[in-house]
Amino acid sequence: MPHPYDVIVIGLGGMGSAACWQLARRGLRVLGIERFDIGHAMGSSHGLNRIIRLAYFEHPAYVPLLKRAYELWREAETLTAEQLLFITGSIDAGPAGSRVVEGSLATCREHGLAHELLDAAETHRRFPGYCLPAGNLAVFQPDGGFVASERAILAHLSLAVQAGAVIHGREKVLAVEPGNGRVMVVTEAGRYEAGRVVVAAGGWISDLVPALKGKAVAERQVLGWFLPKKPELFAMERFPVSNAVSDAGHFYQFPIWGIPGFKIGLYHHLNQTGDAETLSRVPTPEDEAVLRAGMAAMFPEANGPALRLSACLFTNTEDEHFVLDTAPGAPEIIVASPCSGHGFKFASVIGEILADFATGKPSPFDLSLFKMGRL
Ligand SMILES: Cc1cc2nc3c(=O)[nH]c(=O)nc-3n(C[C@H](O)[C@H](O)[C@H](O)COP(=O)(O)OP(=O)(O)OC[C@H]3O[C@@H](n4cnc5c(N)ncnc54)[C@H](O)[C@@H]3O)c2cc1C
């Protein structure tokens, strides 16, 4: 028997959970389907938190989305009475002329964002956990911080259910079959019919959206938490989140929160790309050594005993911009991914954008950067 839903959301991670809430709050009949448990550690959103920052070195065009993302995170906090957004300030650091520093500065200037340009010595004086190489620069922007990503998914899904959405965990979607203006979603447990489908399947997106085969590529990442030698230097009020580039690589880091350790990751880690199904989620001594190299280079007082390592997936496009679009030849299928290792902060606003797609409402944002056809 077909189930008449307005929209089925496939994948209840960062993007899908937000889409469920934004769709359900508009009064639509929503079914969300997740192949693993609700809140799991196989995809892209686990590991407690994700950086949010306005000084967007990747492209100034992200700033209007970010401003709306901040508003929506705050709204979800108010409605759930849970803190999701934590402001620490953000740092983008690297050699003068590097993409991170120059991109961050350009975005701050274009959008009139408050910021300061610090040298390595001044960065250390202000934030003593930072020991950047001499000659490096840091753009400090006071509105940066992090989103509690695991908590945010549960918050969005709670709001969605309160607004009438139905959600299923532990049910894998096997196929999406468009036709006659409707879509059939075939799962391990049954078949569901809807007017629209949002595919937010993260690292598995190309299994359900063939047009993304070879264009949305999963990549293994490893996050690490370490007990600092001087924990006070890495407390929330003394350590802004950051992207920091040195000869050791491009690392991103967080103050102590949740787990009592400094958190660090290496952007693109060991460049291990492949199938989301088979990429190893087991951290190794080599993973740990790579993260320790980053601490040794820039955060020596953090380089203490390991507390936790966790493997996670990026889903990359060639230009590292997102895909927010309808599938080629199937306007009833809305695609939300891949987010190339920097998407979580936008999940709140992407949920709203997906709801606009599904309801035919013109987006207030310029989404031309995110068209599938560019790939
Ligand atoms: C280590 C690491 C660090 C990062 N750091 C940052 C950061 O600091 N700031 C930032 O903004 N972003 C960051 N990112 C990127 C960000 O986390 C991702 O862009 C975001 O989590 C992607 O969300 P998603 O919803 O696309 O994927 P996911 O959260 O993985 O959700 C996809 C869901 O789809 C489900 N699914 C897949 N196939 C099926 C199927 N067939 N049937 C049913 N369900 C299915 C999956 O199980 C999964 O739950 C980081 C990512 C990683 C891995």
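In this predicted model, residue I91 has a bridge partner in strand β14, namely S242.

Strand β14 itself spans residues 241-246. Is this strand mostly covered or mostly open? Five of its six residues are buried, so it counts as mostly covered. Here a residue is called buried if 20 or more other C-beta atoms lie within 10 Å of its own.

β14 also pairs with strand β15, residues 249-254. Which way do these two strands run relative to each other? Their pairing is antiparallel, and it extends over five bridges. One of the residues involved is A244, whose bridge partner in β15 is F251. With two residues between them, β14 and β15 form a hairpin.

A separate topic is the sheet that contains β3, β8 and β4. These three strands form an open sheet, arranged in the order β3-β8-β4, with antiparallel pairing. Which strands lie at its edges? They are β3 (50-52) and β4 (85-87), and each of them pairs on one side only. On average, neighbouring strands of this sheet are turned by 30° against each other, with direction ignored.

Strand β8 comprises residues 145-147, and three bridges connect it to β4 in the antiparallel sense. I87 stands opposite G145, which lies in β8.

Technical notes: Residues numbered from 1 in each chain as written. Predicted model: local features only at pLDDT ≥ 70, side-chain atom pairs only at ≥ 80, totals over all residues. Buried ≥ 20, exposed ≤ 12 C-beta atoms within 10 Å, placed from the backbone. Helix = DSSP H or I, 4+ residues; strand = E, 2+ residues; numbered from the N terminus. Pairing = 2+ DSSP bridges. Axes fitted to C-alpha atoms, helices over the stretch in contact; angles between N-to-C directions.
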